[in-house]
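Colleague: I have a new model open and would like to learn how to read it. Could you walk me through the features one at a time?

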Amino acid sequence: MIPGLSSTHRRVLFLAATAFFLASAYLCVTRLWNMSFTRESFRQDTKGTTGSITGAGAGVKTDKTDPIDKPADVKLHHADLPMVYGEYNRPALDGITLVDALPDEYIPTWENRRRLIIIGDIHGMDTPLDTILGEIPYDEERDHIISTGDMISKGPDSGGVVSRLMALNASAVRGNHEDRVLLSHRNLKAQFGVMADLETTDNEERRGELEHLVVARELSDVQFDWLAGLPVILTVEPLSLYVVHGGLVPGVDISKQDPWAVMNMRSLVYPREALRKKAGEDPRRRRRRRDEVDSPDDTPPSHDDQPASDIDTTHIIFDRQVAVPSDSHQGDKWSDAWNAHQQRLPHSQRRTVVYGHDAKAGYRESRYTFGLDSGCVGGEFLSALVIEATEGGGFNHSTTQVRCQNFDRSRHDA
């Protein structure tokens, strides 16, 4: 209540407020009622009649009906809806370092004469590892070893490989096999009481962990600590180089890459193309359009002074502007897409990726990618990329390979 007002004044104010409320409600209801009939009335007045123009053009008739009688037939395909991949930071994952940088002391220069020796998937094959280090030959005074992951599992001596790399002060990235062994080992350590007492190899096999736990039991706590501290992505500057196990999605900042994808991916799937194919369309017809070319040979030249935010992507077909990583071989090779993407970037932003994981593809060398998994545990080759500095400030590389003996796991397990 407002102090100082008489009872008469209060009654007047109450009546005035009530009248205002009722009037407002009446106006709202009648306006909505009129709006519901306006469109239908207009349709009935204009449907099937010819229009006449009054005024200067009176008497002129037209047989065009109002556009309101002809609603636009617009079909919005699911593939045309907005979609993104890697636009947001992912939540941190316990126990995983996504990105780390190689210490400057290991970077090759013309003055220090150092070399980097990047070795592909070893998979417990310690004898070929020893052989390839002798072939290069490895010099502990000036060489630094980097493993592309999957140092363990499948082969006969995972513990020996890890022990050798640790003794040589090597760097490495986490591969999918290191990741699975670490997760299985952590789950095993988390068991206690009756659950631990009842654990059997049958239970481990049913959970899909038996193979990984066999490897885990070969490793010491110190070796587990070393493996757990490995990053998923190792950056090497000023070589403009990334070392990963599986791959990277082009156009996505390394801080926003999915750790699982980096360790497991082999190809890229384009969801818009998949949706169109599911609807009966042929995505290849869209790619043939003259202004929609996505080929490394057809990418336009870039300029060093071009800001990253101003990079022209109009020549990338719409259906291929979003890519999702896959661990299968069914999609397009991620390395092909990476090479094409690098040529759209200013030279200062281009990066080369050295990776492993894809034994089926074998050793693959492209302008901005090096695939080093050449199937050693399957009886093929163990590959190493050797990088050293040149006098002009650049870098040279060479490749060394040694033949591996096929490892028969069935005989090993017998």
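Modeller: Happy to! Let's start with strand pairing: two strands pair if DSSP finds at least two bridges between them. Helices (H or I, at least four residues) and strands (E, at least two) are DSSP runs, numbered from the N terminus. Here strand S16 (residues 395-403) runs antiparallel to S15, joined by nine bridges.

Colleague: Which residue in S16 stands opposite Ser383?

Modeller: Gln401 is the one opposite Ser383. Five residues lie between the strands of this hairpin, and Gly393 there takes a positive phi near 100°. In total the protein has 13 helices and 16 strands.

Colleague: Before I go further, what sort of model is this, and how are residues numbered?

Modeller: It is a predicted model, where local features need pLDDT of at least 70, side-chain atom pairs count only at pLDDT 80 or more, and totals for chains, interfaces and linings use all residues. Residues are numbered from 1 along each chain as its sequence is written, and side-chain values use heavy atoms, with hydrogens and water left out.

Colleague: How should I read pLDDT?

Modeller: pLDDT is the predictor's confidence in each residue, from 0 to 100. The average for this protein is 79, and 68% of the residues score at least 70. Over residues 48-63 pLDDT stays under 50, and the model has ten contacts (heavy atoms within 4.5 Å) beyond four places in sequence for them. Residues 290-305 are also below 50, with 30 contacts beyond near neighbours in sequence. Where pLDDT is low, the predicted coordinates should not be read in detail.

Colleague: What makes up a nonpolar core?

Modeller: A nonpolar core is a set of buried Ala, Val, Leu, Ile, Met, Phe, Trp, Tyr and Cys residues joined through side-chain atoms within 4.5 Å. Buried means under 20% relative accessible area, exposed over 50%, and partly exposed in between, with a 1.4 Å probe and protein chains only. The largest core holds 35 residues, and Leu165 is among those touching the most other members. Elements giving two or more residues to this core include helix H3 (158-167) and strand S15 (381-389). Apart from it lies another core of 21 residues, including Leu248 and Tyr270.
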